[in-house]
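Welcome, and take a moment to look over the structure below.

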Amino acid sequence: MTPPPGIRLEGVGLDFGSAPLFRGLDLLLAAGHMTVLLGASGVGKTSLLRMIGGLAVPDYGHIVADDGLPLAGRVAWMGQQDLLLPWASVIDNVTLGARLRGGRPDRARARHLLGCVGLADQAGMLPAALSGGMRQRAALARVLYEDRPVVLMDEPFSALDSVTRARMQDLAGRMLAQRTVVLITHDPLEACRLADTMLLMAGNPATLTRMDVPEGAVPRPVDAPAVLRAQAGLLRRMMQ
Amino acid sequence: MRSRIGGEGHDRLQLSPCHESAVPGIWCVGAAHAVMLVAGAMTRPASHRAMAVLRPVLTCAGLVALWGALARWGHVPPYMLPAPDAVARALWSGRAQLEPAALTTLEETLLGLGIGIGAGSALAIAMALWAPLRRWVMPMVLLSQAVPVFALAPLLVLWFGFGMASKVVMAVLVIFFPVTSALGDGLRQTEAGWMDLARTMGATRWRVLVHIRLPAAMPAFATGVRMATAIAPIGAVVGEWVGASSGLGFLMQTANTRFQTDLMFAALTVLAAMTVLLWWGVDRLLARALYWRPAHADID
């Protein structure tokens, strides 16, 4: 993996119809950090993430990597759904990127990564045979297989039950360390556990506000007093 | 799902040459229903299979009994409605004519299916890859469906002769649209999340087509192929009615003009059985090809 770049947003804006969704966003997403983006539904979080991933073009401004190289080809994506192909086995889903680029899938590395996410025995199964948590772990293995320095995650654990979600947070926090990660979530606890930098997106047009993060290395324990205090404070702030 | 798929089969089979008489039409529908239900039954838990198989058998037996009663006590002359036993005798005594005729029609149907599915798929893929082609070609595809195949049949016989070619072209014309339309719809409705994922992975359009869009479109394509299989014999038989020297359509027309109604019904029976068996075989093949779908998704 190449060294993770920082990502600079320069005057980024987007209109929804004739109304501005957000305007003039200036921000540096720190290299090798996990930036968590919080905000109400419809505020423009996913649109912003899609722009960073090159899946949409901003109406105003631009998004660049701080090392001067293009971001294209250095981004891995994990969406709200696992996006596993139902006709392909788990290992074929993990190696999908290689096939889509016309390369030879490295199945040994894919098996190793599946082992890391606890799916070594499920490599040959179809996604339909997996539970929701297992499917998201397979999706995480697919992200890791891509071995990209930038990872964009749009509410990846929102459909999971609380316990599975907490486990996935631990796993993602560990496995994605040293990458530039942008994670969208609605869950204050998730934000407090995983964020190196926490941004609250709110208002109309939306602006970004930097929030305090609890002490400790990511992933922070689910029952750490600092995490629980920060979660409560964040929830209060989001309810205002 | 069952009623929808079954409904397609029913509609088409009622449009088949069974339209000559209501009773064989009912028989065709009953037979089609039977095979579709049996096909569905094969994928179910064992506890349901016996009843699922018994039900269509009883339905068919009931319809044949109704037909027999109508022929016997309905004051309908045999040249209009032969009894089931007379048709059974005609099936046996006319086997020397029926067998080569059925093989001819089957050959035309299979060739039409192969060419129609191939050409229809190629066009759908080309239109999915190149949007302007869709805008230019789709009106012509629709136009080909706006003209009734019965109206085109004499022209096709004139152009392609009395041999097999005109019947194959007729079958291709009939099945081309459902295949193109179904696969085209499937290719246009690829889940947006998969496309986003593919873009971030740096995929080319061709590889996205091969690895994502085509497999994702397979269930829709399967629906088109099932429909095509049910209606392909119509094209072949219509062509035979207009001008041929062999085939079930030709045999039916000859029998009709000679008032050999029992032989005509026997040919209809063979045609219906052939269509239903062909549909069943294709349905089984498709169910295997769509191995990732829930067992009942395409039937129920």
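Two strands count as paired if DSSP finds at least two bridges between them. Helices (H or I, at least four residues) and strands (E, at least two) are DSSP runs, numbered from the N terminus. This is a predicted model, in which local features need pLDDT of at least 70, side-chain atom pairs count only at pLDDT 80 or more, and totals for chains, interfaces and linings use all residues. Residues are numbered from 1 along each chain as its sequence is written, while chains are lettered from A and ligands numbered from 1 in the order in which they are written.

- Strand S1 (residues 7-16) of chain A runs antiparallel to S4(A), and five bridges join the two.
- Arg8(A) has Val64(A) as its bridge partner in S4(A).

**The six-stranded sheet of chain A**

- A second open sheet in chain A has six strands in the order S5-S6-S7-S3-S8-S9, with mixed pairing.
- Strand S5 (75-78) and S9 of chain A stand at its edges with a single partner strand each, so one side of each is left without a neighbour in the sheet.
- Direction ignored, neighbouring strands of this sheet are turned by 20° against each other on average.
- Strand S8 (residues 197-202) and strand S9 (residues 207-211) of chain A pair in the antiparallel sense over five bridges.
- Ala202(A) stands opposite Thr207(A) in S9(A), and Leu199(A) has Arg210(A) as its bridge partner in that strand.
- The hairpin of S8(A) and S9(A) has four residues between the strands, and Gly203(A) takes a positive phi near 100° there.

- Leu48(A) belongs to helix H1 of chain A.
- Is Leu48(A) buried or exposed? Leu48(A) counts as buried because it has 28 C-beta neighbours inside 10 Å; a residue is buried if 20 or more other C-beta atoms lie within 10 Å of its own, exposed if 12 or fewer, and partly exposed in between, with C-beta atoms placed from the backbone.
- Leu48(A) and Val12(A) are 36 residues apart in sequence, and 8.8 Å apart in space from C-alpha to C-alpha.
- Helix H5 (residues 132-146) of chain A has 15 residues and reaches 21 Å from its first C-alpha to its last, close to the 21 Å expected at 1.5 Å a residue; the expected span is 1.5 Å times one less than the number of residues.
- H5(A) is largely enclosed by the rest of the structure, because 13 of its 15 residues are buried.
- Asp147(A) follows H5(A) and has a positive phi, near 55°.

**Domains and core**

- Chain A is divided into domain 1 (7-74 + 149-239) and domain 2 (84-147), with bounds from an automatic or database domain assignment.
- The centres of domain 1 and domain 2 of chain A, taken over C-alpha atoms, are 25 Å apart.
- Their contact takes ten residues from domain 1 of chain A and nine residues from domain 2 of chain A.
- The largest nonpolar core has 135 residues, of which Ala141(A), Ile175(B) and Ala267(B) touch the most other members; such a core is a set of buried Ala, Val, Leu, Ile, Met, Phe, Trp, Tyr and Cys residues joined through C-beta atoms within 7 Å.
- Helix H10 (residues 205-242) of chain B gives the largest share of this core, 16 residues.

**Where the chains meet**

- The contact takes 16 residues from chain B and 21 residues from chain A.
- H9(B) gives the largest share of the side of chain B that touches chain A, seven residues.

Terms used. Contact = placed C-beta atoms within 7 Å. Axes fitted to C-alpha atoms, helices over the stretch in contact; angles between N-to-C directions.
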